[in-house]
Amino acid sequence: MEDQAHQTGPTTGPDHEQRWAELADLVLIISREIQFRRYKDERAVHLSQSEGMVMRYLKSDPAATPSRIAAATGLQRTNLSTVLRGLEEKGFIERRAHSDDGRGVTVHSTERGRSNTTLVRQEWASTVSEAAGHDTEHLDAALTLLSAVESGLARTRPLNRAIRPATET
């Protein structure tokens with residue numbers, strides 16, 4: 001019997017489309033399941049999805065301008081401003097002037113923000129690993145595939161922000 005999980009060749013067609021749809025469903029379901037859980041460590045602070053996206057982005061670009069954050073996360077600048085204000089109030093980020101005239105700003109994670117990100121990622125790792133029975137056999141392949149999907153989605157994100165995101169059915 002042929003192993004469908006390791007097929008090569010065309011990536012379209014009814015069978016492949018169904019499997020890609022199943023992958024998308026599973027990713028959305030897993031994401032919701034992770035977000036529903038309470039953190040075991042009471043020091044961990046729950047963030048909104050948008051706040052989490054900003055904090056994850058700041059891991060790779062620790063002195064980011066709001067424009068770069070908006071482009072990388074897909075957030076509209078007006079929404080990003082609200083998210084940044086909330087993260088500032090929580091003590092997770094700080095904005096610093098970076099130009100002579102004081103108009104340019106960069107956003108930086110604070111120690112509290114970095115610590116929370118580390119703590120939350122540890123909680124997620126524990127939760128997901130436990131859910132998978134600590135089976136790492138296909139973990140690298142899953143990470144490779146999901147990283148490619150994430151990169152492809154970000155690269156092909158619609159430029160017109162007026163387009164509404166897909167809703168769950």
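A polar contact is a pair of N or O atoms within 3.5 Å; within protein, one atom must be able to donate a hydrogen and the other to accept it, and residues adjacent in sequence count only if both atoms are side-chain atoms. The model is predicted: local features need pLDDT of at least 70, side-chain atom pairs count only at pLDDT 80 or more, and totals for chains, interfaces and linings use all residues. Residues are numbered from 1 along each chain as its sequence is written, and side-chain values use heavy atoms, with hydrogens and water left out.

**View A. Thr106 in strand β2.** Strand β2 covers residues 105-109 and includes Thr106. Helices (H or I, at least four residues) and strands (E, at least two) are DSSP runs, numbered from the N terminus. The Thr106 side chain makes a polar contact with the side chain of His108, at 2.7 Å. Thr106 counts as buried because its relative accessibility is 10%; buried means under 20% relative accessible area, exposed over 50%, partly exposed in between (1.4 Å probe, protein chains only). Beyond four places in sequence, Thr106 is in contact (heavy atoms within 4.5 Å) with residues including Ala63, Ala64, Thr65 and Glu94.

**View B. The largest nonpolar core.** This core has 16 residues. Such a core is a set of buried Ala, Val, Leu, Ile, Met, Phe, Trp, Tyr and Cys residues joined through side-chain atoms within 4.5 Å. Val54, Met55, Leu58, Ile69, Leu80, Leu87 and Ile93 have the most contacts inside it. At least two core residues come from each of α2 (49-60), α3 (66-73) and α4 (77-89). Not counting residues up to four places away in sequence, Ile69 touches Val54, Tyr57, Leu58, Ala64, Leu80 and Val107.

**View C. Helix α2 against helix α3.** Their axes come within 10 Å and cross at roughly 110°. Axes are lines fitted to C-alpha atoms, for helices over the stretch in contact; angles run from 0 to 180 degrees between N-to-C directions. The two helices are therefore roughly perpendicular. From α2, Met53, Val54, Tyr57 and Leu58 make the contact; from α3, Arg68, Ile69, Ala72 and Thr73.

**View D. Helix α3 against helix α4.** These axes also come within 10 Å and cross at roughly 110°. In α3, Pro66, Ser67, Ile69 and Ala70 meet Arg77, Leu80 and Leu84 of α4.

**View E. Asp61 in the loop between α2 and α3.** Asp61 sits in this loop. Asp61 is buried, with a relative accessible area of 15%. Its side chain makes a polar contact with the side chain of Arg68, at 2.8 Å.

Conventions: Parallel < 35°, antiparallel > 145°, perpendicular 65-115°, else oblique.
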